[in-house]
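Please study the sequence and the structure before reading each solution.

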Amino acid sequence: MSEQLLEIKDLKAYYRTPVGVVKAVDGVSLAVEREEIFGIAGESGCGKSTLAKAALRLLKPPGYIHEGNILFEGTDLMRLDREGLRKIRWRKISYIPQSSMNSLNPVMRIGDQIVDAILAHENWPRDKAEERARKLVKLVGLPERCIKMYPHELSGGMKQRVIIASSIALNPRLIVADEPTTALDVVVQRGILQTLYEIKNSLGASIVLITHDMAVHAEIDDRLMVMYAGKVAELGSVYDIFEDPLHPYSDILMSAIPAIGEKKEIKGISGRPPSLLNPPKGCRFHPRCPHVMEICRREEPLLKEVGPGRFVACHLHGSDSR
Amino acid sequence: MNEATPLLEVKNLTKKFPLGGLLRKRYLTAVENVSFQIVGDKPNITTLAGESGSGKTTISRLILGLISPTSGEILYKGRNVLEMLKHDSLTYRKEVQAVFQNPFESFNPFYTVDRLLRVPIKKFKLANSKSDEQRLIEEVLDAVGLTSERVIGKYPHQLSGGEAQRVTIARALLPRPSLLVADEPVSMVDMSLRAGILNVLLDLKKKYNMSILFVTHDLSVAYYLSDNIIMLNRGRIVEKGDAKRVITNPIHPYVKTLIKSIPMPNPKRRWRETISLDNLEEKEEARQGCIFFERCPLSMERCRKEIPEMVEVEQNHWVACHSITK
């Protein structure tokens, strides 16, 4: 009887490459609660997409899960076989991969594509699936006539809505959306985020929202996790993190965004994200950190709870320095 | 407005792309009757902003002479750019430089990155000796916050996106241009490195006495960087003027919607009301009246038929909307 919907413990997901093993996700633990929007932030190459794929057991070679536990409603996903996973995917967990709006079949009507997705997982009569497809299209804010249209007749935002519609077709408990608004214009982005928010409320589902855009996280997340170089840097309520980022990396991410109406100088950091083939010793952020101390070069900081529900992996915070 | 000749003046610029159609030719109007200028008496940053399909990149490509206009003209320091490119292209190519979205497309992966810096030095004969060349390279790398040890002798794949983009900016600085056209130069660069590049651009404006035409879809970036802004919607200018004024006090209904939709990096200032906009793509043919007519909450009968004129509503703040002229 777990309260959490999804619980990941010490997950390690690596890629085998000719020059060595890339440790894209290196010991990540997290728990997604019911009916929440859980954001994952971080820059390209920090492992956020790999984490999502690994957590859903969708990682393909050369990627593999080195170790870790993934519990979904108490079921250990690591122990399930293909058939077992098939039963859970789409019905319980659905996944919206990056740029999936470009994966619609160009020669099939929108309605038929949604129906196909339903029938691949449920043994329903066709007219029931069609009825469901009509409802879904309206639910995501598309006009009903889209059912009869082909993908090329739709704009990018509309295609993304079709993808969202089919992802919620079977009332999943968890929706994992990887950069769902990245290539879209701001007005369309706002519409899509609104729709995701409404879906969370009307279906009572949880959403894992992966995006590098901190402003999007600020707009709709309940909780936020910041990743750096395959590890969790900070995790907590989105309000707390934006109010007072504890990890120097989250702090920099916040101060790097220009905000309209504010007259502050934005700041970046020097250096570049580390190679995950051969990550730096100690804290992975230490070569770029403005607050680097001696201990950071030697010892890797563990993720510590520094306040209720507030976790940070940094030597500046936690029991030893308080 | 200004006594001095503008650095760049765009007059009634229109660009139509043929869409095929064997018997009855159809056209896509990417840019329609666009006019604006970049003042010549002091360096400034002018931003072309708009969503995808607004024509911002087409305008920058027209200015760079990469495509030719259907009608209208572009004047650089009072001289027609098309003429200049025909007879005196070296001067224009030297004084107007460009930086593009994907820095890696500017590099040949088989050569080290310093080649990108040495070619323009040769082409424009900027150095008399090897040591002169070295000094020039170090100077521009320093201006963009790089060191020669970090860059010289390296291959493009050894640089991060931010570093690569800094190198292409350094290259653009070599001939000491008067105008830098920067088309979405930070949209492929990671957040933590983006700020550094924006600050470099601000710095260069002063240090190199150089104006920048910045093309972006990101209005927060535009707000941070620009002196003037030109807001485009489907090929037409809908609002333009002082960037801070336009962005904090937008008048045109389209620009208002756009600015309201920008997510704020502050969870305490979340969107309150929900917005609804017709998602359907506008019909390409519907260009007789106001471009925003079908989606506009304020639309009147007049908007369907008449294209609104640009009106100055306050100092250096222009809007094209019938609702303000009545």
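**Exercise 1.** State which domains chain B has and describe how they touch.

*Solution.* Domain 1 of chain B spans 8–233 and domain 2 spans 248–264 + 280–326, with bounds from an automatic or database domain assignment. Their centres, taken over C-alpha atoms, are 29 Å apart. Contact (C-beta atoms, placed from the backbone, within 7 Å) joins six residues of domain 1 of chain B to nine residues of domain 2 of chain B. On the domain 1 side, β2 (27–38), α9 (219–225) and β9 (228–233) of chain B each supply at least two residues. That side has three nonpolar, three polar and no charged residues.

The model is predicted: local features need pLDDT of at least 70, side-chain atom pairs count only at pLDDT 80 or more, and totals for chains, interfaces and linings use all residues. Residues are numbered from 1 along each chain as its sequence is written, while chains are lettered from A and ligands numbered from 1 in the order in which they are written.

**Exercise 2.** Determine how α3(A) packs against α5(A).

*Solution.* Helices here are DSSP runs (H or I, at least four residues), and strands likewise (E, at least two), numbered from the N terminus. The axes of α3 (residues 110–121) of chain A and α5(A) lie 9 Å apart at an angle of about 30 degrees. The two helices are therefore roughly parallel (angles under 35 degrees). A:I110, A:Q113, A:I114 and A:A117 of α3(A) meet A:V162, A:A165 and A:S166 of α5(A). Five of these contact residues are nonpolar, two polar and none charged.

Key
Contact = placed C-beta atoms within 7 Å. Nonpolar A, V, L, I, M, F, W, Y, C, P; charged D, E, K, R; others polar. Axes fitted to C-alpha atoms, helices over the stretch in contact; angles between N-to-C directions. Parallel < 35°, antiparallel > 145°, perpendicular 65-115°, else oblique.
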